[in-house]
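I opened this entry to keep track of what I looked up, in the order I looked it up.

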Amino acid sequence: MRNARTALALTVVLAVASGCARGGAQGGSSGSAAPVIREASAGGVGSADGADSSGDADAVAAHDAAATDADAVAEARAKLMLTETYYDDLQHGDKGAAYQKYIVLHDTEGDGSADGVLAYWEGNGNLVAAHFIVNKDGSILQCVPMDRIAHHAGWGSGNANERFGITEDGRDDLLGRQPSDVYTDYGMNAWSIGIEMVHVGGETYPEAQLDAVDDLIAYIDAYYGGDGGTIIDHKMWRAGNSDTNPEFAGYLANYQDHRTHD
Ligand SMILES: [Zn+2]
């Protein structure tokens with residue numbers, strides 16, 4: 001998830017784990033707080049707000065629809081090897097379902113495990129993270145709840161907010177954001193879910209990992225009532241970014257076409 005401009009500065013650190021870490025550590029430790037580790041929850045977005053109280057028939061229909069959605073979310077989640085570890089300082093504001101428009105795919109640019117990547121994010125003071133990290137074996141670590149903003153996409157290039165039809169509406173606390181003298185648009189984080197794949201450019205993506213990304217996208221789609229948003233990769237938001245790597249191009253086309261890698 002690094003950008004090209006800071007690649008050299010990050011080289012040493014990247015040997016351990018990199019992920020979304022943009023260079024230019026702001027100094028100071030982040031005072032690593034104890035993580036909150038949660039058991040599986042299959043809640044999904046509360047869809048009860050679809051019910052207005054205009055008659056019994058509507059209320060029953062809405063109730064049935066909500067129950068079906070909850071079942072779909074639970075079923076999709078049950079297919080994942082998913083654990084959750086949350087730190088408050090990696091969460092940057094609320095992102096209700098109305099603000100979910102994109103799923104942004106990234107590579108970590110390091111072979112370290114998801115646990116190592118999260119430890120790096122939490123420890124480096126940049127307050128950067130993605131919602132999910134997918135290991136090569138298909139196991140998944142969730143680092144930020146889906147209804148919270150994570151800083152995974154950073155600055156976008158070329159009138160990025162306008163290109164993607166999003167605005168900066170103040171929900172993002174912007175804590176840890178590094179200044180840019182080149183880019184002006186920082187909206188994507190507040191409108192997206194970020195998924196990191198443990199991957200270094202030039203490697204193949206293991207089938208187990210790709211299958212897990214398929215299932216994760218299905219889970220996100222279920223969570224948002226069937227549509228988790230448009231799938232892009234990081235370099236679509238920011239031209240020149242290194243991820244996803246070129247060997248992912250065919251998979252990305254498939255994800256954009258039908259939401260699975262094959
Ligand atoms: Zn990235």
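This is a predicted model: local features need pLDDT of at least 70, side-chain atom pairs count only at pLDDT 80 or more; totals for chains, interfaces and linings use all residues.

I began with the order of elements. Reading from the N terminus, I noted α-β-α-β-β-α-β-β-α-β-α-β-α-α. That gives seven helices and seven strands in the chain.

The mean pLDDT of the chain is 83, and 74% of the residues reach 70 or more. Over residues 39-63 the pLDDT is below 50, and this stretch has 27 contacts in the model beyond near neighbours in sequence. Residues 4-32 also stay under 50. For residues 4-32 the model has 73 contacts beyond four places in sequence.

Then I looked at the chain as a whole. Of its 262 residues, 40% are buried. I also looked up the contacts between residues at least 6 apart in sequence, and 78% of these join residues at least 24 apart.

What is in the largest nonpolar core? I found 54 residues there, and those with the most contacts inside the core are Ile103, Ile133, Val134, Met188, Ile195 and Leu216. Helix α5, residues 207-223, supplies the largest share of this core, with nine residues. Leaving out residues up to four places away in sequence, Leu216 touches Leu80, Phe132, Val134, Ile140 and Ile195.

I turned to helix α3, residues 114-123. The buried residues in this helix are Ala114, Val117, Leu118, Tyr120, Trp121 and Glu122. Just after the helix, Gly125 takes a positive phi of about 80 degrees.

My last entry is on Arg171. I located Arg171 in the loop between α4 (160-164) and β6 (192-197). Is Arg171 buried, partly exposed or exposed? I have Arg171 down as partly exposed, because 15 other C-beta atoms lie within 10 Å, while a buried residue needs 20 or more and an exposed one has 12 or fewer. Not counting residues up to four places away in sequence, Arg171 touches Gly93, Asp94, Lys95, Ile149 and Ala190. I also looked up the distance to Arg148: Arg171 and Arg148 are 23 residues apart in sequence and 9.8 Å apart in space, C-alpha to C-alpha.

Notes. Residues are numbered from 1 along each chain as its sequence is written. Helices (H or I, at least four residues) and strands (E, at least two) are DSSP runs, numbered from the N terminus. Two residues are in contact if their C-beta atoms, placed from the backbone, lie within 7 Å. pLDDT is the predictor's confidence in each residue, from 0 to 100. A nonpolar core is a set of buried Ala, Val, Leu, Ile, Met, Phe, Trp, Tyr and Cys residues joined through C-beta atoms within 7 Å.
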